[in-house]
Amino acid sequence: MTETANAATATSGDKTRKRLFIKTYGCQMNVYDSERMRDLLTPLGYEPAEAPEGADLVILNTCHIREKAAEKVYSELGRLRPLKEEKAAAGGAMTIAVAGCVAQAEGAEIRARAPVVDLVVGPQAYHKLPEFIANVHRGRGEALQTEFEVEDKFDALAAPARQIEGYSAFVTVQEGCDKFCTFCVVPYTRGAEWSRAVDQVTAEVRALAAQGVREVTLLGQNVNAYHGAPPAGREADGPWGLARLVRHLARIDGLERIRFTTSHPGDMDDDLIAAFADTPALMPYFHLPVQSGSDRILKAMNRRHTAADYLAIIERLRAARPDIAISGDMIVGFPGETEADFEATMELARAVNYAACFSFKYSRRPGTPGAAMAGQVDEAVKHERLLRLQALLGAQQEAFNASMTGRRLPVLFERAGRNHGQIAGRSPYLQAVHCDGPDRLIGQIAQVEITGASRNALSARLVPEETRAA
Ligand code: 5AD
Ligand code: SF4
């Protein structure tokens, strides 16, 4: 680390601060990766910039999951070109890097199509960013770095150095996926399923808690497949599953809330369901994508579960933790989806009664089996189905939020609210909560009474006698 940092600093040729602009597309994993890239570049003198104008380094951290991702990146690169030229005309230099899943998937093509790009770096090589940037500055070296070298990625990334901006942090515990759902690019872009060791995760969460973080969300594309190396001295246990990891982290001083995302129904085990009952720090909110309610479509999607399997898991979760809020992901218009298949999706949504659910029109991802399937659904049909599904899911979310009115809930306050004198945070069920209250409660959990609800947020008043001190 030190060597590469020195090399890059030396090539900068001066000691002035450099400005770094990162544009993040897509999922929480990318948000997390962007933060780590920022941390990694801070020792080289890069300071965050709010806009690309005049920046010394611009990183587009891309997402490949849905259609037009690559086109969006190319049009952003088009907008960056004049900024790069302006900077050069003024005697400076703007380095442009494309990172993330589009970088992984499109690799060399990006450099060919957009010569404005200096560096293409895949998700497994971020720890080498300082070295790559040094190479670019030296005007030599390999500009394309997308090989999978997952083993040392997390070892090399520094422990989070960023000043705490919030009291809720994301920690990647697992990457990649072996499920190969036929619509999805993740197994190709993020590679094989892989878990971090329990001790590494624990050290990172402990450091975050010591800096004031009260809540962590454990991230992984297929997080409930987690099977990390056991802690030192516990080798005889063999790999630990997610439930054991959660219980272990729950003992960390100062850490009050744990969440995780995203899970696959096929990797649910009894122990994880039990953890929702026996671990109070594990929040009663669970994101479990189903994608479709039709067994025929689930089979074509290679999901390896039926609608009944999914509903049985939800039932067991609710038996373990009756107030658990369920969220999910749905896709409409997968190839071959008939009106009856779509109705099965609506039926499943009615049976689950989601607290929140994301829904998407199927989009053809080149290289995935779904893209080559017969029976691609007309765009207008997809659109119309999506509207019907979203009307149902929106009404469910609204009803779930409305059911909170009059209830007392513990809220983790994370920031000042939009209006003066207001603070904002999250309920155990991940709802945004706004409340009049003093700034000193930011970073703490306090009891509130819910006074109103909309589709996207709750309003509340503090319950003073129950407000917790530090
Ligand atoms: N088309 C539409 N939605 C998709 N998703 C993933 N790939 C596609 C695709 N090709 C959705 C899934 C997944 C979520 C992260 O994005 O619902 O769970
Ligand atoms: Fe993609 Fe999730 Fe399926 Fe893995 S389980 S292939 S990440 S949709």
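## Ground rules and overall picture

Residues are numbered from 1 along each chain as its sequence is written, while chains are lettered from A and ligands numbered from 1 in the order in which they are written. Since the model is predicted, local features need pLDDT of at least 70 and side-chain atom pairs count only at pLDDT 80 or more, with totals for chains, interfaces and linings using all residues; side-chain values use heavy atoms, leaving out hydrogens and water.

The protein has 15 helices and 19 strands. Both are DSSP runs numbered from the N terminus: helices are H or I with at least four residues, strands are E with at least two. Of the 470 residues, 56% count as buried (buried is under 20% relative accessible area, exposed is over 50%, and partly exposed is in between, using a 1.4 Å probe and protein chains only). As for contacts (heavy atoms within 4.5 Å), take those in the protein with a separation of 6 or more: 72% of them come from residues 24 or more positions apart.

Mean pLDDT for the protein is 87, and 89% of its residues reach 70 or more. That score is the predictor's confidence in each residue, from 0 to 100. Residues 140–164 have pLDDT below 50, and beyond near neighbours in sequence this stretch has 66 contacts in the model. Residues 466–470 also stay under 50, with 10 contacts beyond four places in sequence. Where pLDDT is low, the predicted coordinates should not be read in detail.

## The β7-β10-β11 sheet

Here three strands make an open sheet, ordered β7-β10-β11 with parallel pairing. (Two strands pair if DSSP finds at least two bridges between them.) The edges are β7 (168–172) and β11, each pairing on one side only, and the twist averages 25 degrees from one strand to the next. Angles run from 0 to 180 degrees between N-to-C directions, with axes being lines fitted to C-alpha atoms, for helices over the stretch in contact. Five bridges link β7 and β10, and Thr172 sits opposite Leu219 in β10. Another five bridges join β10 (residues 215–219) to β11, where Leu218 has Phe260 as its bridge partner.

Is β11 enclosed, or is it open? Five of the five residues of β11 (residues 257–261) are buried, so the strand is largely enclosed by the rest of the structure. Arg257, Arg259 and Thr261 point one way, Ile258 and Phe260 the other. Over in β10, Thr217 is buried too, at 8% relative accessibility. Beyond its neighbours within four places in sequence, Thr217 touches Ala169, Phe170, Val171, Arg259, Phe260 and Thr261.

Six bridges pair β13 (residues 325–332) with β14, and Asp329 stands opposite Phe358 in β14.

A cis peptide bond joins Thr261 and Thr262, with omega at about 5 degrees; Thr262 is in the loop between β11 and α11 (270–278).

Asn302 isn't a glycine, yet has a positive phi of about 60 degrees. Asn302 is in the loop between α12 (295–300) and α13, and is partly exposed at 28% relative accessibility. Leu430, not a glycine either, has a positive phi of about 70 degrees. Leu430 lies in the loop between β16 (422–426) and β17 (432–436) and is partly exposed at 29%.
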